[in-house]
Amino acid sequence: MRTILSRFILVVAFLWTAVSIGAQVPLSDLVRHQDIQEVKISPTGSHIAVKKLYEGERVLYFMSLDPLKVVGGLRFSGKEEVGDFYWANNERVVVEVMSRKAALETPISYGSLYAVNYDGTRGKNIFGHLTGKMQTGSRIKRAESTYAHATIIDPLLNRKNEIMVSTSPWARDWETLGEVLKINIYNGVRKRVADLPVVGGRAYTDGNGKLIFADGTDIKNEHEIYKKLKNGWEKVDDPILGRGRPVGIDQNANEIYFEINRLNETEQLVKFNRKANKIIPVLQHEISDIEEIIKDPKDNRPIGVYLNPDYPEESFFDEEGGFAAYFRGLKKAFEGFRIRFTSFTADGKLGVLEVHGDRLPGDFFLVNTETKKVDFLISSSNWLDPAQLNSMKAESFITDDKFRIGTYLTFPDGQKEDLPMVVVPHGGPHSRDYWEYSQDAQILSQNGYLVLQVNFRGSTGYGDHFYTAGEREWGGKIQKDIADAVNWAVAEGYADPDRICIYGASFGGYSALMNPIRYPGLYKCAIGFAGVYDLELLYTKGDIKRRDRGLAYLESELTKDKDFLKENSPLHNADKLDLPLFIVHGEKDERVPVEHAKQLLRKLEKEGKPAKSLLVANEGHGFYSEENNLELYTEILAFLDQYIGVGSVEKGNDNNQAQLSE
């Protein structure tokens with residue numbers, strides 16, 4: 001590399017060679033939102049767009065690159081703020097609008113799109129429920145209000161004034177078919193291209209504005225994919241492509257790449273040669289599914305994939321053009337971190353590189369792929385010193401029934417043995433933990449606790465067989481995997497068996513209570529955050545039950561058998577919860593309504609086992625406000641300190657203390 005700013009070189013050198021002095025990062029720094037959240041470069045490379053947190057709101061500002069200075073910005077008024085964004089041409093950016101519901105902290109998307117020039121001028125709502133309002137003139141065609149979500153499927157860079165979107169209409173049952181539209185990014189006028197053949201998915205183009213496929217799910221929540229014909233859509237019945245989704249195209253070879261969900265295996269990448277009507281296998285990893293496709297910056301053809309077996313890695317299958325070799329060189333220069341490009345110029349000469357890892361939320365660099373020059377742009381969280389953060393270690397073990405369970409361990413600085421441990425099962429259950437910066441892991445380990453994260457069966461990213469092994473095992477084998485991981489950490493000498501607690505959110509909150517029920521005596525305390533405590537309630541309350549596919553999901557995961565649901569619900573096993581409990585919930589939670597927490601607290605009170613609780617009126621499924629998170633983690637640390645304490649809990653002033661009710 002010819003140029004990498006000295007700041008990053010010094011940080012890297014310190015991380016791998018210096019002896020830590022054991023400095024603790026203040027809790028107030030760890031609960032802060034990342035300041036810089038995304039950086040993308042314009043098609044000709046003259047400007048970058050930066051999503052930034054400003055006075056608690058996500059805003060967008062634009063910088064010229066020569067010289068590097070701010071030239072414009074976008075900040076919404078009221079309860080709207082900036083979501084994801086895309087350069088539609090060299091002067092104009094399209095932004096997904098995020099909104100805050102009344103009394104709810106977390107911003108959510110209602111599907112609206114807004115377009116603005118990089119100098120901050122000509123801002124306009126171009127799609128969604130806000131479009132078409134406060135406009136005058138009856139002879140000029142104007143944008144229409146639309147109650148739907150829009151996903152940009154093609155920026156149509158060659159057309160300069162249009163984008164192509166795939167829509168999903170607002171509907172309480174989420175069962176209404178969407179459509180494909182072309183939208184003028186200056187005036188919001190739209191043209192209908194086609195209706196979608198299936199719900200819950202999107203359409204795909206060839207990169208030049210021509211529709212080729214669309215996917216979604218049927219009424220039973222089974223994946224379907226359709227091929228675009230001249231006069232409609234045709235369902236793809238091929239046993240391989242029918243289980244796939246398009247992820248890229250090689251225009252010169254006339255080949256479309258598909259990511260295939262293989263039965264009882266990990267995902268496979270194949271390419272479909274349209275001229276020969278032939279499917280050609282490309283890549284499949286023994287442990288990991290495919291996380292993301294790596295594309296050549298010059299012609300956008302797929303050349304490699306990101307994988308996550310334990311630590312993140314990349315695998316290239318196309319060396320033509322030299323970008324694969326260059327990527328490996330960059331990876332070596334930033335050894336110990338993960339790299340990904342957020343965007344490239346249209347000619348592929350310039351790109352924005354994000355560097356991140358277990359001790360680095362993210363730094364952004366400008367890369368010249370021709371001169372090989374790399375220049376530091378901006379840090380996402382410049383108040384955090386990577387040298388003061390704790391590293392994450394990936395390990396695994398094999399269960400009695402031969403499943404490989406991946407784990408991540410975050411140790412307190414300089415300590416490796418006989419530690420007080422907090423087990424943090426992830427949500428979902430169909431999600432997973434990664435080797436990456438984790439707020440929970442840093443907060444807990446900074447305060448002296450070993451943190452154990454477990455990718456139990458049912459987690460995503462390890463193949464269809466691993467995913468489906470979690471079905472109808474929420475309270476069974478999933479919980480055994482978590483308990484097995486705890487016993488494994490003890491056997492390895494990492495954890496003190498007499499100082500272990502469990503803490504999780506959403507499905508993790510369910511596991512935080514269900515695991516002590518299934519394995520009494522394993523834990524000294526448990527913390528449930530936004531947890532599911534009554535499985536029957538999922539069928540009658542919350543947003544999952546509002547659609548047929550949501551009900552189909554619940555039946556495949558849980559069944560409707562009431563005895564089964566009760567047997568696997570913490571609410572109906574509260575008599576077995578013989579340990580200190582802390583129950584946390586947002587009262588505006590639509591995914592897991594607060595009734596779950598309230599019913600459990602009443603049941604525990606009736607059982608003579610009152611629990612500590614923190615119910616926050618203006619939060620949803622997880623806390624968003626920094627102030628609320630400061631209160632939450634202050635109380636979590638105090639709770640842990642009381643039962644497996646290391647004496648390191650921060651004693652904030654009274655204004656930073658959550659009010660707990662017995």
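This is a predicted model: local features need pLDDT of at least 70, side-chain atom pairs count only at pLDDT 80 or more; totals for chains, interfaces and linings use all residues.
**Entry 1: serine 379**

I started with serine 379 and found its place in strand β27, which covers residues 374-379. Is serine 379 buried or exposed? I get a relative accessible area of 9% for serine 379, and the cut-off for buried is under 20%, so serine 379 counts as buried.

Next I looked up what its side chain touches. The side chain of serine 379 makes a polar contact with the side chain of aspartate 363, at 2.8 Å. I also noted the backbone nitrogen of serine 381, which lies 3.4 Å from a polar atom of the serine 379 side chain.

**Entry 2: the cores**

Which residues have the most contacts inside the largest nonpolar core? I wrote down Met421, Val423, Leu452 and Tyr523, in a core of 56 residues. Helix α6, residues 477-491, gives the most to this core: seven residues.

I then picked valine 423 and skipped its neighbours within four places in sequence. That left contacts with Leu452, Ile482, Val486, Ile500, Cys501, Ile502, Tyr503 and Tyr523. Apart from this core I found another one, with 38 residues, including Val25, Ala441, Ile443 and Ala530.

**Entry 3: the disulfide**

The link is right-handed, with 115° about the S-S bond.

What does the pair tie together? Cysteine 501 sits in strand β32 (residues 495-505) and cysteine 525 in strand β33 (residues 525-529), so the link ties parts that are 24 residues apart in sequence. I checked burial too, and both cysteine 501 and cysteine 525 are buried.

**Entry 4: helix α7**

Last, I turned to helix α7, residues 507-518. Does its length agree with what I'd expect, or disagree? At 1.5 Å a residue, its 12 residues should span 16 Å, and the end C-alpha atoms are 16 Å apart, so the two agree.

Then I looked at how covered α7 is: 11 of its 12 residues are buried. Among them are Phe507, Tyr510, Leu513, Met514 and Ile517. Gly508, Gly509 and Pro516 are also on the buried list.

What do these buried residues pack against? I noted α6, β32, β33, α9 (562-567), β34 (581-586) and α10 (595-606).

Technical notes
Residues are numbered from 1 along each chain as its sequence is written. Side-chain values use heavy atoms; hydrogens and water are left out. A nonpolar core is a set of buried Ala, Val, Leu, Ile, Met, Phe, Trp, Tyr and Cys residues joined through side-chain atoms within 4.5 Å. Buried means under 20% relative accessible area, exposed over 50%, partly exposed in between (1.4 Å probe, protein chains only). Helices (H or I, at least four residues) and strands (E, at least two) are DSSP runs, numbered from the N terminus. Contact means heavy atoms within 4.5 Å. A disulfide is a pair of cysteine sulfur atoms within 2.5 Å. The expected span of a helix is 1.5 Å times one less than its number of residues. A polar contact is a pair of N or O atoms within 3.5 Å; within protein, one must be able to donate a hydrogen and the other to accept it, and residues adjacent in sequence count only if both atoms are side-chain atoms.
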